[in-house]
Amino acid sequence: MTRFALETRMYIDGAYVGGEGTALPVEHPGNGETFVEFPGASAGQVEQAIAAARRAFDSGCWSGLPDAERVAAVRKLMDFFAANRDRLKELALLEAGAPVSTVVPAQVDMSIQHGYQVIGIFQSLPAFEDNPLPIAERFNAQGKVGQSLRSYVPVGVVGAISAYNFPFYTNLWKVVPALLAGNTVVLRPSPLTPLSALIFGEAAAAAGLPRGVLNVIADKGAEGGVILSEHKDVDMIAFTGSSLVGRAVMAQAAPTMKKLQLELGGKSAQIFLPDALAQAAGAAAMVCMAHAGQGCVLGTRIFVPQEHKEAALQAMAGALNHAAKIGDPANPTTTFGPVISAAQRDRCEHFVKAAVEAGGKVVTGGKRPEGMGNGFFFEPTILDVPDNKNPAAQEEIFGPVVCVIGYRDLDHAVEMANDTIYGLSGHVYGNAREATAVARRLRTGTVNVNGGLTSAYASSGGWGVSGVNRERGPEGVRVYQQVQVLSIVSA
C-alpha cells in the first residue's frame, strides 16, 4: 500500500527509539483500514524528551549560536523536506485521506514554500530595537547618557501539539519559527496523523541539529499532550486543535504560567452583498471541497439577502454537485475525499439531524454516500436554516456541512456574523469599498474581502474561543520570543 518505508520510531535526545507505550494504530480514512500500528511513546519517554529539550536549551548549544548558524541548520531541515516531497505527499494521502489531485499539493508543496519563506521573515526581524525615549530622558540627573532597548530572546522549551487536518503544515508552522528563534522543541502530533511528525526526527538528524534540540514523540490518547501542558520544564505550548481542547490546554498550563499560542476552532461567516450574488454560487463548494470541510478558517455560515436566498441555494447546490467527485483519495479524478475518522463522520450526521430538528432543511447531501465501503465519507451538504440560532450555525462541525442564512440588510448580516463565540476568520464579497467597510465590523482575527490568501507573510489568529496569539508572518516568529528590555547607562 505504501511506496516508502514508514518511520514509526520516536526521536529523543538525538536518537531513534522504539515506543514503549500503548500501541498506536493509524487508519486510512479512505477505507477505514489500519495500515500501520506501532508502540507509541510512554509517559516516561515524554518526560525524557522534555528533559532532553531542557538540557539542550540550558546548555546554550542552540540558543547561543549566531542567528546565521541556526538559519543554515533550519535551511537544511527544509532541504530534507523538499527532497522528500513524494514521501510527505503519500503520508498526507494515507493518514489524512487528502485527495491527491486537490488537497495533497496544498498539504505539502505550499507548506515547504512557507517553511523557506519564514526563514526570510526571521532574518528580516531585528534582534534589538530602540525604545524611543524623549531626549530629556536620555540623560539622568548626573548627566550620564541612557538608552533603552528591546531585546528579543527565545522563550525556552516549546511543546508543539499539532492537528490532524493539515498535519505536516501545522507541524512545520510550529517547529520552524520556534527553532529559528533559538528554542528547543518537543513535537507531539495528533494520534490520528503521527507519521507526518515522526519524519521530523529524520529531518533533524539530516540537518545535524544538536542533541535534544528537536524531539518527536507520538502517543495514543491525550496523555502526552497533558504532560507537555503541565510540565514545569516546558516554557511554552503551541497548540492547534479544537476550542474544547484548547480550554483544557490553557487550564493545564496555568499553574506554571506558560506562554501560549493557540489556533482553535472557528465558525466563520461568508457575507455576500447584493451585488455579489453571482459569486455566492461557489460558496458551498469552496468550503466542502477544501479537504472535506476540515478547516478551522472555512466560511461554514453563508449569508445572502433573504429575497435571493432560494435562488442562491439552488445555484450553490448545482455548483457543488458538479464539482464534487467522491471517491478514493488516491484516484486522480477524485476531488472530494473522506473525513478523518468514523467519529468525525458521526459528528456530521449528528449536526445535520440537529439542524433539521431545529427547523432547517437539507438542500443537498446530508448522509453517507453509497458504495464507499468502510471509508469515512460524508456527502457534501448544504443546509437551509431559518436563522443563526440553529445548531449547525453555532457549533463547529469540522466537516463538509454548510448552512445558508438569509439577512434583511447588512446590519442584520453583521449582527448574525458576530453572534458566535468564535472569531477566527471571515469573508465578505461585493463592491470593494462597501465590502471592506462590512469586513471592518466583523469581530474576527482575519477577514478576506473578495478572496483570500494563505501567505507565510500574513499572520492568522483567533479572537474569543478561537485562540490566543497568532501564527505565520512576523507575529508568528515573535510569539516564540520573549521581550527583554535593556536599560543601559554610560559608566
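The model is predicted, so local features need pLDDT of at least 70 and side-chain atom pairs count only at pLDDT 80 or more, while totals for chains, interfaces and linings use all residues. Residues are numbered from 1 along each chain as its sequence is written, and side-chain values use heavy atoms, with hydrogens and water left out. The structure holds 22 salt bridges, a salt bridge being a side-chain nitrogen of Lys or Arg within 4 Å of a carboxyl oxygen of Asp or Glu.

**Glu7 and Arg9**
- A salt bridge joins the side chains of Glu7 and Arg9, with an N to O distance of 2.8 Å.
- Glu7 counts as buried because its relative accessibility is 12%, and Arg9 counts as partly exposed at 37% (buried means under 20% relative accessible area, exposed over 50%, partly exposed in between, with a 1.4 Å probe and protein chains only).

**Glu471 and Lys174**
- The side chains of Glu471 and Lys174 form a salt bridge at 3.1 Å, N to O.
- This pair links distant parts of the chain, 297 residues apart, with Glu471 in the loop between strand 21 (467–468) and helix 15 (473–478) and Lys174 in helix 5 (residues 167–180); helices (H or I, at least four residues) and strands (E, at least two) are DSSP runs, numbered from the N terminus.
- Both Glu471 and Lys174 are buried.

**Glu349 and Arg368**
- Glu349 and Arg368 meet through their side chains in a salt bridge of 2.9 Å, N to O.
- Because Glu349 lies in helix 11 (residues 342–357) and Arg368 in the loop between strand 14 (361–364) and strand 15 (381–384), the pair ties together parts that are 19 residues apart in sequence.
- Salt bridges that share partners join Arg345, Asp346, Glu349 and Arg368 into one network.
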